[in-house]
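Biologist: Please put the model up. I want to ask what backs each label.

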Amino acid sequence: MAEHEHGCGYEHEHLHEADGDAGCHCSGSGSELVRFSVTAPDDLLRRFDKQIARRGDVANRSEAVRDLIRASIAKEQMRTPDEHVIGSLTMIYDHHTGDLTRRLDEVQHDYTDEIVSTMHVHLDHHNCLEILALKGRGERVYELADRLLGLRGVKHGELTCAATKQSLGL
């Protein structure tokens with residue numbers, strides 16, 4: 001770590017991570033801020049900037065990213081690993097990516113007790129939509145979603161838990 005003056009105007013430490021990314025720890029008037037870099041395709045960043053501009057309530061890209069991080073943490077805190085949950089997992093993926101179809105099947109076969117039903121839709125020559133109806137102990141349902149959504153080739157996915165035993169009064 002090396003201390004240096006940076007454009008933010010605060011003295012701070014500059015960390016170089018193993019992957020080459022640098023993080024700046026800035027101490028200012030509020031809580032400590034950490035500067036980090038994110039690599040994204042140009043078209044994705046342009047679309048994100050347009051979304052920020054449309055919303056109008058976000059001052060800049062950094063605040064928009066902070067909002068996304070806060071939402072992700074809040075969603076994670078709502079996980080109920082010990083409760084019975086029901087929900088749906090929606091995925092969009094490119095079935096031409098490596099051996100993705102085989103890996104999706106392999107993971108799903110490890111969770112046959114949690115998967116109630118699946119629907120598979122061919123969107124175009126490359127892309128598929130898959131929706132899984134799920135039920136079971138939260139820990140297993142969330143684990144299944146994490147494993148599937150973490151596979152290379154899955155472009156988008158979301159787990160929505162509709163109810164727990166507690167919220168249904170069971």
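**Labels and their cut-offs**

Biologist: How do you know that the span of helix H1 agrees with its 14 residues?
Modeller: The expected span is 1.5 Å times one less than the number of residues. For H1, residues 42-55, that should give 20 Å, and the end C-alpha atoms are 20 Å apart, so the two agree. Helices are DSSP runs of H or I with at least four residues, strands are E runs of at least two, and both are numbered from the N terminus. Just past H1, Gly56 has a positive phi of about 70 degrees.

Biologist: What should I know about the source?
Modeller: The model is predicted: local features need pLDDT of at least 70, side-chain atom pairs count only at pLDDT 80 or more, and totals for chains, interfaces and linings use all residues. Residues are numbered from 1 along each chain as its sequence is written, and side-chain values use heavy atoms, without hydrogens and water.

Biologist: Why is Arg103 called buried?
Modeller: Buried means under 20% relative accessible area (1.4 Å probe, protein chains only). Arg103 has 18%, so it is buried. Arg103 lies in helix H3.

Biologist: What does the side chain of Arg103 reach?
Modeller: The backbone oxygen of Arg152, at 3.2 Å.

Biologist: What makes a nonpolar core?
Modeller: Buried Ala, Val, Leu, Ile, Met, Phe, Trp, Tyr and Cys residues, joined through side-chain atoms within 4.5 Å. The largest one has 20 residues; Leu89, Met91, Leu134 and Leu148 touch the most other members. H4 (138-149) supplies the largest share, five residues.

Definitions and conventions
Buried < 20%, exposed > 50% of the residue type's maximum accessible area, 1.4 Å probe, protein only. Polar contact = N/O pair within 3.5 Å; in protein donor to acceptor, adjacent residues only side chain to side chain.
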